[in-house]
Amino acid sequence: MEFIESNRVHLIQRMGMITVKQIADDLLACNVMSYEEVNTIACEKVEQEASRMMIYMILNKGSEACNILVKSLEKHNPFLFHDLQGYCTTGQVEQDKLNDLIQDLKYVYLSSAFQKYHPLGSDIDIIFDLGTAYTDVLLWKKDIHNSRKGQLTLNVLLEELKNPCIIEGEAGKGKTTLLKRIAVLWASDNCSALKKFQFVFFISLTSTRGGIYETVCDQLLFEQYPIHKQGFMKMLLAQRQRVLFLLDGYDEFKPQNCPEVEAMIKENHKFKNMVIIATRTESIHKIRQFGSLIAEIGDLSEESCMKLIKNVLTNKLADGLLNQLKEATSMKTLMKTPLFVIIACAIQMGESNFHPSTQTLLFSTLYDLMVEKNRYKTKEITENHIMLSIDHCGDLALDGIFDQRFDFQSEDLADVKEEVLLASGLLNKYTAQRLKPTYRFFHKSFQEYTAGRKLCKLLTSCQEAEVKKGYSYLQKINNISDITNTYFNLLLYTCGSSLDATKIILDLLKKVDQHRDISQLFSLKDLALESKYTERSENITENEDLNKTNKDIFADCVINFFYESSSKSALSRDFEEFFCDKSIYINTQNIPIYFSDFFRYLPNCVSALGLIKLDFFGNCSPSEEIGDENVKDLQISSLKTYIPEKAVSLFFNWNQSLRSLEITLQDFNKLKKRDIKYLGKICCSAASLKLCISNSAGITGTLNDVLETCKNLQDLSVESTPLTVEDERQITRMTKLKTLHVRDLQSENLEGGLIDGIKKLVNAEGLVLDNISMDEGDAKKLAEGIRNLRELRLLYMNHLTAIGDGIIYIVRSISDELSELEEIQLVNCCVSSDAVEILAQNLCHLPKLNVLDLSENYLQKKGKDAIHRLVDGLYVLPGMKVLMLPWGDDVKVCLTKLLELLETMPQLTKFGLRKWSLTDVEVRILGNFFEKEHLENLQHLDLAMNCVTSDGWLSFMQPLISLKKLVFVDFSSKQDWVPASLLVCKLSQSYLASFLRTPSAD
């Protein structure tokens, strides 16, 4: 009672509503207060009034009630309690004892017991030292919304430390090591940012007991320490931000075991010691809101990985491991996690024959090591029980992968010996903060490996029941996304475990690739699988491009499986069927080693590929070049090249012919002679070559040298790259060219250049000239030249705004000589009404034409008559797929006649009436036409720059919805038009992928 009366004012002002309610609950439980009294206090909105009300109630109830209140206060708000007890000065704790505490802590942190540890557990006698095993980590500063805000080093983190600070990271990222490193830095006085702290306490939250004082004594000091608890708590209150707590493993922390630590984190404003908490990513949601500074441990850099390996291993072992990892690029992802680097090093110490060229080999070695080294722990259990338990562990892993489950419960282990899996280290058991224990593999990747190992065993078993079970899992993998994403690692480790399993997985890949029922894989009865495949839209370009990209990724994925299987040439014929007509993409800035093995061991598969795509970037740092002599050994000279060494090595000593090769040269400011030589070697390895050059002023003047090495060049694209006359002449000498695409070329056309020599490209099937410098005279020369291109199927001439009446000569040449043309695109190309009439009169000479795009051309006053004649002429071409019309005065009067024509063109996929001055009346007519479903294949509709109101477009919505294949519609307006809200709602309800563009976007 004396305590309450003497501290009445402080209690009223400082207890806070949370503490008041907690104490009130305790008083209710002890029958000191009634339900009515507790409710009265809890309903008080002003916390000081609630405190005052409770204090006076308890004072009236006597000393026993006051004692219960005081004990409850000490339990729920120990900081306020100790402060009010009078521990606000350091006088009662002798300075000598505090100095002794500092020295005792430093002695602990600098001791071998603190700094040395067993990376694979205490039962495996491999020891690492924190002093050598620690490498600098990269930290990402984050906000409470989990967004990264910038990078931090450890020194910067400590200098900018805010309270409390949270360190998050996945298992094995090095959170514990980081906190221990901070403690060691403080103890060794080697960090200026830590010198402001008088005391640093490293606490493992997995084994807290009692209060802060009891935990510190248990973990760092000893029981009956000379400084008693009250003195210790007084010191913490007095020192405030000169005390740093390093709290490790919040994900395993049980708050009820040590509420003082929980309060230190969540109510730090009451007791202002500095706190750094480490927790796994999956648990940070519990404390993210309390963090003033949140930092995520990033991936281990390649430099830090190398440093760690060199520090931990002897020179000989380190060099061996580094060389193996350098070749095994598939290991790079795993090596970004410190735990896996430690494992690789530890295994290297104990297994002289360990070669981590694949991920499977790493995990296989680790798996066998864990099982065999710990077998003595379960010597009392029969061998049969041990094998059954380990086998069931594989079932857990495999079922978990397909259920996306990584936590397991006691009932999952009901039929096995739990101690076998725990003793071997295959599973870890977590009991903190749980009513029931949870079991996990120590890393997700290890679970995936264990699952792959099990699946391999099932598929290759001699027992039909096990084979049937294995195939039942494969039935669940029935699309490319499953293979390249969801189950990629599972299949990777399955292939890495057995050649026979690889053959079975390869059969699965073939069936998925061919969109056939997966059940066709299985000869066993009762394994039918009902698979549903989305029908592919044959005419939608966007879907075709997306599908093509997915197939590229799929092929790359299968190359990964080949490399992981270590099959070399053993399964070359099995893989060849899959790779036939596939395409692969190789980013030459980062070529994985599996491509080298693919070219080396599966040359038949490389030759079977339909296309190999290589991108070279001149803006990257030049690489060391390959020497002239003995290229096989890739001897390095002192010169530099811009063509990467690895890219060249794939094609040197290549004795077979590739079917098709597509090479892109982008952003080259310079091209050396040796680069040209290497390009020539790569280019001549393909029967068909496509060369794309973009934004590469450094190639100007040397393009002729490049092209001389491209004997089989069939497709050439030059974009935003100036050309000399000699470059242009060399282009016209490439008489095997099938396609020529020149874009954004504004240099003057000189005598004997591209325009003059275009007539030599007699085998050309495609010609694209887009935004190049050309006047009327040049156009007339071009018109004469293209008369010789009788094989031309595609002619695109866009944005040639200065050719004037030269377009008439071009159209006449088209009409007279180019009867094989299938596609004509003359966009923004000075097309006049006379040119349209000439074309209309001669459409009968172009029987194969199915694409005609004359958009962005103004026909002026004669436009109406020209469109009438064009519509009449188009009746001879009922197979039209694309029709984009020019605009002119009063052309909208041709709409009715045009729609009659469209009834004869059921294959039309793209249609445009841009700038036709259509009004609500014409749009309604157009809508009525669409509702009759004459154009059921229409995918692209361009009605931009017309004069339609929101009401007009609203009436047009229902007809649009009837066009089931429509994916693009443009009805942006001439004016600053804002669609009405009802129109917007109607659009949002439709299933169209519509693009609304403003005039400025055009």
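Reader: In which sense do strand β5 and strand β9 pair, and over how many bridges?

Author: This is a predicted model. In it, β5 (residues 165-169) pairs with β9 in the parallel sense, over 4 bridges. Within that pairing, Ile167 stands opposite Ala295 of β9.

Reader: Which way does strand β3 run relative to β9?

Author: Strand β3 (residues 139-142) and β9 run antiparallel, joined by 4 bridges. Here Trp140 stands opposite Glu296 in β9.

Reader: Now the helices. What describes two packed helices?

Author: Two numbers are used: the angle between the axes and the distance between them. For helix α5 (residues 47-59) and helix α6 (residues 63-76), the axes come within 8 Å and cross at roughly 140 degrees. Angles over 145 degrees would count as roughly antiparallel, so α5 is classed as oblique to α6.

Reader: Which residues make the contact between α5 and α6?

Author: Met54, Ile58 and Leu59 come from α5, and Ala65, Cys66 and Leu69 from α6. By class, the residues of this contact are 6 nonpolar, no polar and no charged.

Reader: At what angle do α38 and α39 cross?

Author: Helix α38 (residues 833-841) and helix α39 (residues 863-873) cross at roughly 20 degrees, with axes that come within 8 Å. Angles under 35 degrees count as roughly parallel, which means that α38 is roughly parallel to α39. Their crossing is left-handed. On the α38 side the contact is made by Ser833, Val836, Glu837 and Ala840, and on the α39 side by Ala866, Arg869, Leu870 and Gly873.

Reader: How do the residues of the contact of α38 with α39 divide by class?

Author: They divide into 4 nonpolar, 2 polar and 2 charged.

Reader: Let us finish with a single residue. Is Asn704 buried or exposed?

Author: The test is relative accessible area, with buried meaning under 20%. Asn704 has a value of 11%, so Asn704 is buried. Its place is in helix α33 (residues 703-708).

Reader: Leaving aside neighbours within four places in sequence, which residues is Asn704 in contact with?

Author: Asn704 is in contact with Glu726, Asp727 and Gln730. As for Glu728, its C-alpha is 7.9 Å from that of Asn704, and the two residues are 24 apart in sequence.

Conventions
Residues numbered from 1 in each chain as written. Predicted model: local features only at pLDDT ≥ 70, side-chain atom pairs only at ≥ 80, totals over all residues. Heavy atoms only, no water. Pairing = 2+ DSSP bridges. Helix = DSSP H or I, 4+ residues; strand = E, 2+ residues; numbered from the N terminus. Axes fitted to C-alpha atoms, helices over the stretch in contact; angles between N-to-C directions. Parallel < 35°, antiparallel > 145°, perpendicular 65-115°, else oblique. Left-handed = near helix turned anticlockwise from the far one by under 90°. Contact = heavy atoms within 4.5 Å. Nonpolar A, V, L, I, M, F, W, Y, C, P; charged D, E, K, R; others polar. Buried < 20%, exposed > 50% of the residue type's maximum accessible area, 1.4 Å probe, protein only.
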